[in-house]
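Thanks for making time this morning. I would like to take you through one structure, starting with how its helices pass one another and ending with the surroundings of the ligand.

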Amino acid sequence: MRTAVQQARVVVIGAGQAGLSVAWHLQRAGLSAGSDLVVLDRAPGTGGAWQFRWDALRLGLAHRVHDLPGMHEMGLRFDEADRSRPAREVVAEYYRRFEERHDLRVRRPVAVTAVHREDERRPDGSAGALVVETREDDGTTGAIRSEVVVNASGTWGTPFVPWIPGRDVFRGRQLDTTGYRDAADFTGQDVVVVGGGTSAIGFLLELDGVARSTRWFTRRPVVWSEDPALAVGAAVSAVEDQDRAARAGRTLPSIVSGTGLPVTPRIRRGLARGLLQPEPMFTRLDADGVETATGEHVRADAVIWATGFRADLRHLAPLHLRTEAGGIVVEDGRSGAEPRLFLAGYGPQASTIGANRAGRRTARQVMAVLAADDTVAPA
Ligand code: FAD
């Protein structure tokens with residue numbers, strides 16, 4: 001079934017940290033959630049990507065999770081949340097209370113399948129609305145015409161796994177970060193973990209004493225960051241690298257390679273036990289394991305690819321945003337190729353603090369676009 005075309009001033013795609021932050025600021029700027037402002041999310045529940053993260057992940061284990069704007073007035077702070085509960089439960093609960101308190105009326109599960117430009121031009125010659133195509137779980141499709149679209153679709157839907165010879169030959173289990181649930185699934189197994197970020201380290205620490213053996217392979221040497229002050233400086237410069245790449249329309253560099261990995265007390269204990277010993281990337285997989293750079297055969301029941309994510313922008317393909325350099329041009333959260341499109345949580349904004357800041361800045365720019373639209377005389 002296809003529903004009648006609806007109308008909105010702004011559609012926000014995604015109700016994670018970035019989408020909720022933008023929606024909150026737009027509502028404060030005067031838009032009515034549910035009519036002027038429509039927030040869509042394809043996931044079944046609240047929490048953005050956090051609702052899908054593995055059981056053992058707790059808030060504060062690796063990085064800080066920043067509060068959404070408007071959470072403090074509700075008496076909620078992530079720093080004070082119950083750390084004995086899985087992060088996915090806590091974040092989903094806090095976001096749910098946030099959505100309810102601010103009456104953001106998120107429509108879910110509604111997947112955005114495509115965003116395209118309306119064919120017709122407006123009387124002043126400027127481009128027409130953007131059209132957001134949607135699909136619900138029961139197959140119902142729909143479309144929303146909107147003056148502005150804010151894409152806040154995150155990265156969880158597009159995990160990145162590098163191509164290594166033999167990936168199609170290995171007979172054991174292969175999974176990426178989105179498929180990892182519980183260390184107990186690997187009880188007594190030989191496990192290879194790939195990736196140089198905090199997810200890979202988290203898996204190795206959880207598998208210790210559960211798996212029969214673990215080996216850790218990374219494509220770049222691991223740089224540990226012992227000094228919190230240096231880590232902050234490195235984080236700032238990594239965000240600047242992301243910003244430069246986004247403005248130039250290049251693919252985004254890895255954040256971790258720019259910041260180094262902070263040595264938390266838990267990681268220090270893992271290092272002391274000799275558990276966290278990265279090896280250079282293996283050269284190939286075969287039916288029952290991997291072959292290291294030195295030619296050693298490592299038997300494996302499972303290979304966990306904790307090798308990062310890419311921005312999930314597949315539904316934006318009809319807008320033809322890709323540059324020859326392989327990325328898309330994004331300047332201060334706004335698409336360089338489509339001025340009615342904003343990308344919250346993209347590149348330099350891809351952390352909970354970045355997503356928060358994005359909310360305020362994006363909302364201000366969106367309101368300026370709407371105000372300019374209002375000055376266009378109707379036909
Ligand atoms: P998401 O939380 O991914 O939200 C995007 C939303 O968009 C989702 O709800 C999704 O359902 C929806 N969506 C996507 N595509 C569509 C579509 N086509 N149609 C409709 N809806 C769609 N950051 C920190 O600051 N601190 C941390 O401790 C931290 N830990 C992390 C741990 C892991 C394992 C990972 C992978 C990331 C971590 N991050 C952390 C980064 C974190 O993901 C971001 O900081 C933040 O949660 C991302 O928010 P977001 O709103 O951009 O994306």
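Before I show the first pair of helices I need one convention: a crossing is called left-handed if the near helix is turned anticlockwise from the far one by less than a right angle, and right-handed if the turn is clockwise. Please also keep in mind that what you see is a predicted model.

With that convention, helix 1 passes helix 2 in a left-handed crossing. Helix 2 covers residues 87–101, and its axis comes within 12 Å of the axis of helix 1, the two crossing at roughly 20°. Since angles under 35 degrees count as roughly parallel, helix 1 and helix 2 are therefore roughly parallel to each other.

Helix 1 also packs with helix 7, which spans residues 352–374, and here the angle is about 40° with the axes 8 Å apart. Helix 1 and helix 7 are therefore described as oblique to each other, and their crossing is right-handed.

Elsewhere in the chain, helix 3 (residues 198–207) and helix 6 (residues 265–272) have axes that come within 11 Å and cross at roughly 60°. That angle makes helix 3 oblique to helix 6, and the crossing of these two helices is left-handed.

Let me turn to the loop between helix 2 and strand 3, where Asp103 is found and where Pro109 also has its place. As background, most residues other than glycine have a negative phi, and most peptide bonds are trans. Asp103, however, has a positive phi, near 50°, and the peptide bond that joins Arg108 and Pro109 is cis, with an omega of about -10°.

Now to the ligand. Which residues come closest to the ligand? The shell holds 29 residues, and the closest are Ala18, Asp41, Arg64, Val112 and Thr352. By type, the shell divides into 14 nonpolar, eleven polar and four charged residues.

As for the elements involved, helix 1, at 17–28, and strand 3, at 110–117, each supply at least two residues of that shell, and strand 3 gives the most, with three residues.

A polar backbone atom of Ala18 lies 2.9 Å from an oxygen atom of the ligand, while a polar backbone atom of Arg64 is 3.0 Å from a ligand nitrogen atom. For Val112, a backbone N or O atom is 2.9 Å from a nitrogen atom of the ligand. How much of the ligand does the protein bury? Taken alone, the ligand exposes 990 Å², and the protein buries 89% of that.

Conventions:
Residues are numbered from 1 along each chain as its sequence is written. This is a predicted model: local features need pLDDT of at least 70, side-chain atom pairs count only at pLDDT 80 or more; totals for chains, interfaces and linings use all residues. Side-chain values use heavy atoms; hydrogens and water are left out. A residue is near a molecule or strand if one of its heavy atoms lies within 4 Å of it. A polar contact is a pair of N or O atoms within 3.5 Å; within protein, one must be able to donate a hydrogen and the other to accept it, and residues adjacent in sequence count only if both atoms are side-chain atoms. Accessible areas come from the Shrake-Rupley method with a 1.4 Å probe; for residues, only the protein chains shown count as cover. Helices (H or I, at least four residues) and strands (E, at least two) are DSSP runs, numbered from the N terminus. Ala, Val, Leu, Ile, Met, Phe, Trp, Tyr, Cys and Pro count as nonpolar, Asp, Glu, Lys and Arg as charged, and the others, Gly among them, as polar. Axes are lines fitted to C-alpha atoms, for helices over the stretch in contact, and angles run from 0 to 180 degrees between N-to-C directions. Angles under 35 degrees count as roughly parallel, over 145 as roughly antiparallel, 65 to 115 as roughly perpendicular and the rest as oblique.
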